[in-house]
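This briefing goes through a single chain by topic, from confidence and overall shape to the sheet, the core and some individual residues. Please keep the sequence and the model in view while reading.

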Amino acid sequence: MDDSTYCCDAYLEGPEGETLCGQPTMFGVERTAVDMPLHVCPDHLGSILMHADRIAWPPIISWDGPGERPQNALSLEQVRELDDQFFKGRGAR
Ligand SMILES: [Zn+2]
C-alpha cells in the first residue's frame, strides 16, 4: 500500500479530540464489530491500543508502511532460523 493512502486516525488531543494527527499511517489495527481497522502512525500505535474503542485483543496489527514489514522486524522464517541457531549453540555447551 502506498503510505499516502491513509493518514493516522488518532486525535492529537486524545480519544475525545477533534484534530486528526495526519501523519502517514504505518499500522492497521483491527477492531471488533467495525468494518474498517484504525490506521495509525508509529507515535499513536500504543495510545490507540490503550484508548480506542473496540480494539481486538490480542491485537491484530497489519503493516501499512512501505515494504513487507518494519525495517527492523524479521519474518517468521528468519525468527525460527535465529531461534534454531540460538538453541543449537546452547546445546553444544
Ligand atoms: Zn498519529
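Across this predicted model, the mean pLDDT of the chain is 89, and 91% of its residues reach 70 or more. Among the elements, confidence is lowest in helix H2 (residues 76–91), where the mean is 91, and highest in S1, where it is 96. The chain has 2 helices and 3 strands, and from the N terminus on these elements follow the order β-β-α-β-α.

**Overall shape**

- The radius of gyration of the chain is 17 Å, whereas a compact globule of 93 residues would have a value near 12 Å.
- Taken along the principal axes, the box filled by the C-alpha atoms has dimensions of roughly 60 × 25 × 25 Å.
- Of the 93 residues of the chain, 15% count as buried.

- The 3 strands form an open sheet in the order S2-S1-S3, with antiparallel pairing, and the edge strands, each of which pairs on one side only, are S2 and S3.
- From one strand to the next, the twist of this sheet averages 25 degrees.
- Strands S1 and S2 run antiparallel and are joined by 3 bridges; within this pairing, Phe27 has Val40 of S2 as its bridge partner.

- In soluble globular proteins, nonpolar side chains tend to be buried together.
- In this chain the largest nonpolar core has 9 residues, namely Cys8, Ala10, Met26, Phe27, Val29, Leu38, Val40, Cys41 and Ile48, and the elements that give two or more residues to this core are strand S1 (27–29) and strand S2 (38–40).
- Val40, one of the core residues, is in contact with Cys8, Asp9, Ala10, Thr25, Phe27, Val29, Leu45 and Ile48, when its neighbours within four places in sequence are left aside.

**Backbone geometry in the loops**

- Most residues other than glycine have a negative phi, and most peptide bonds are trans.
- Ala33, which lies in the loop between S1 and S2, has a positive phi near 60 degrees although this residue is not a glycine; Ala33 counts as exposed because it has 7 C-beta neighbours inside 10 Å, where 12 or fewer is the cut-off.
- Arg54, in the loop between H1 and S3, is likewise a residue other than glycine with a positive phi, here about 65 degrees, and with 10 C-beta neighbours inside 10 Å Arg54 also counts as exposed.
- Pro58 is found in the loop between H1 and S3, and the peptide bond that leads from Trp57 to Pro58 is cis, with omega near 0 degrees.

**Two further exposed positions**

- Asp53 lies in the loop between helix H1 (45–51) and strand S3 (61–63) and is exposed, since 10 other C-beta atoms lie within 10 Å.
- From C-alpha to C-alpha, Asp53 and Cys7 are 19 Å apart in space, and they are 46 residues apart in sequence.
- Met50 lies in helix H1 and is exposed, with 9 other C-beta atoms within 10 Å.
- Met50 and Val79 are 29 residues apart in sequence, and their C-alpha atoms are 27 Å apart in space.

Definitions and conventions
Residues numbered from 1 in each chain as written. Predicted model: local features only at pLDDT ≥ 70, side-chain atom pairs only at ≥ 80, totals over all residues. Helix = DSSP H or I, 4+ residues; strand = E, 2+ residues; numbered from the N terminus. Buried ≥ 20, exposed ≤ 12 C-beta atoms within 10 Å, placed from the backbone. Rg over C-alpha atoms; globule rule 2.2 N^0.38 Å. Core = buried A, V, L, I, M, F, W, Y, C linked by C-beta atoms within 7 Å. Contact = placed C-beta atoms within 7 Å. Pairing = 2+ DSSP bridges. Axes fitted to C-alpha atoms, helices over the stretch in contact; angles between N-to-C directions. pLDDT = per-residue confidence, 0-100.
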